[in-house]
Structures are given as structure tokens and as C-alpha cells.
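Dear colleague,

Please find below the structure that I am handing over to you. I would be grateful if you could look through it before reading the notes that come after it.

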Amino acid sequence: MLDLGSTSPSNIRLFTERGHRIYSEDLLTASTDPDLVTKDEQGVAVLDSRKFLAENLVYPAAQFDVILCWNLPDYLDEGLVKPVVGRLWSVLKPGGMLLAFFHTRDAGPDSPCHRFHIVGPDILEMQKIELRREARRGTGSNAISDGFQLQRVFNNRHIENLFRDFASIKFFLARDNIREVLVVR
């Protein structure tokens, strides 16, 4: 199992007590590395997706049965979303499942990014993510204030296109302006 959210000790304990091997990567914090910033042909600052993938999600093909993507695509820099989803497809076993959450249009631009703790069979506890000062990209007033900013709100068609290489996709409407999306490779 691969957990792509901020580390949740309770989730790690839950899965390891059930005999699962769990790997965890906080891709949002990793995406704030100032060494990833480069300039495109027009001189605009962008994140280097090749360098990002060379340093993150480095696993053999078809290693994972389950990936917990949480709300990563909504908060990840635009230039990293498609490359990361492509890498997730490659590290997920055929028939493996990926769970992702997407904000609905009603969420609003100031929707905080959360860490998710599994509390029961159908209950998640949400905890707002506060960035550590050393993890913030930039300096001075341009730095990320106290958490990750919602980058976009995907509609169903965009989500289907994002996961177009996967075998199936199912949408579930959840509470708190969130859609749960279950994808099978």
C-alpha cells in the first residue's frame, strides 16, 4: 500500500496491525522544494516534473495493490499532476485500486488542505495541514502562508481524462464538498 498524504501514525498503525506493508510519501511537501523551480521558454518559473519524479515515487513497476492519493491532485502544482498520475499508474498493479478525493465547485478557493486519519470503517477524521516554515517555498510575503492552496477544482470530465489510462473509475459524492473517486488499473 502507498499512502501519498501527510504522515498519519494512526493510519500506519491501522494497516500494519492488519498485516499490510505501507509506504508513505508526502508529495505536497516534496513539491515545495526550491530546487525544483526552473524557467520555461518564456522565462516563467515552473516546477521541473522530471526532477520531481526522479526524486519521488521511485518504485518498481506494479508494486502496489492500493494507493491512497487523498486530495493530492487538487493541491499539487499543475505541472506535476499528469506526470504524477502517470507514475501512479505504473507503480499500481493491474487490478489495483487508487482512492482520491476531489473538491466540488462549491468548496471555494480557500479550502484548507487536510491530513486524513481513518477512524472507522466509514469515518475519516480531517486535520488541517500546517506547513513547517522550512518546507515553504519562497521567502518573505510571497511564501506559502500557513498551508497548501487549492490549485484547481476538477470537474468529472477532467477527472476521467486524468485517469483515462486506468480500467475503470467510480465517483461517489461525499460530505464537506468532496467527491470520492475510486480508480482501478
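This is a predicted model: local features need pLDDT of at least 70, side-chain atom pairs count only at pLDDT 80 or more; totals for chains, interfaces and linings use all residues.

Residues are numbered from 1 along each chain as its sequence is written, and side-chain values use heavy atoms, with hydrogens and water left out.

Helices (H or I, at least four residues) and strands (E, at least two) are DSSP runs, numbered from the N terminus. An open sheet of mixed pairing is formed by six strands in the order β2-β1-β5-β6-β10-β9; two strands pair if DSSP finds at least two bridges between them. Because β2 (23–24) and β9 (168–173) stand at the edges with a single partner strand each, one side of each is left without a neighbour in the sheet. Strand β5 (residues 64–70) runs parallel to β6, and five bridges join the two. Within this pair, I67 stands opposite L98 in β6. Helix α5 (residues 78–91) packs on the sheet and touches β1 (2–3), β5 and β6, contact meaning heavy atoms within 4.5 Å. The direction of α5 makes about 145° with that of β6; axes are lines fitted to C-alpha atoms, for helices over the stretch in contact, and angles run from 0 to 180 degrees between N-to-C directions.

The loop between β6 and β7 holds P109. P109 counts as exposed because its relative accessibility is 63%, the cut-off being over 50% relative accessible area (1.4 Å probe, protein chains only). P109 and Q149 are 40 residues apart in sequence, with 7.6 Å between their C-alpha atoms.

On a 1 Å grid over the protein atoms alone, a cavity is a set of points where a 1.4 Å probe fits but cannot get out, and a pocket is an open set with protein on both sides within 12 Å along at least five of seven lines; lining residues have an atom within 4 Å of a point. The largest pocket is lined by 16 residues, of which F101, D122, I123, L124 and E180 lie nearest its centre. β6 (92–103), β7 (114–120), β8 (123–128) and β10 (178–184) each supply at least two residues of that lining.

The largest cavity has 17 lining residues, with L4, G5, S6, W70 and H114 nearest its centre. β5 and β7 are the elements that give two or more residues to this lining, and β7 gives the most, with three.

Yours sincerely

How values were computed
Buried means under 20% relative accessible area, exposed over 50%, partly exposed in between (1.4 Å probe, protein chains only).
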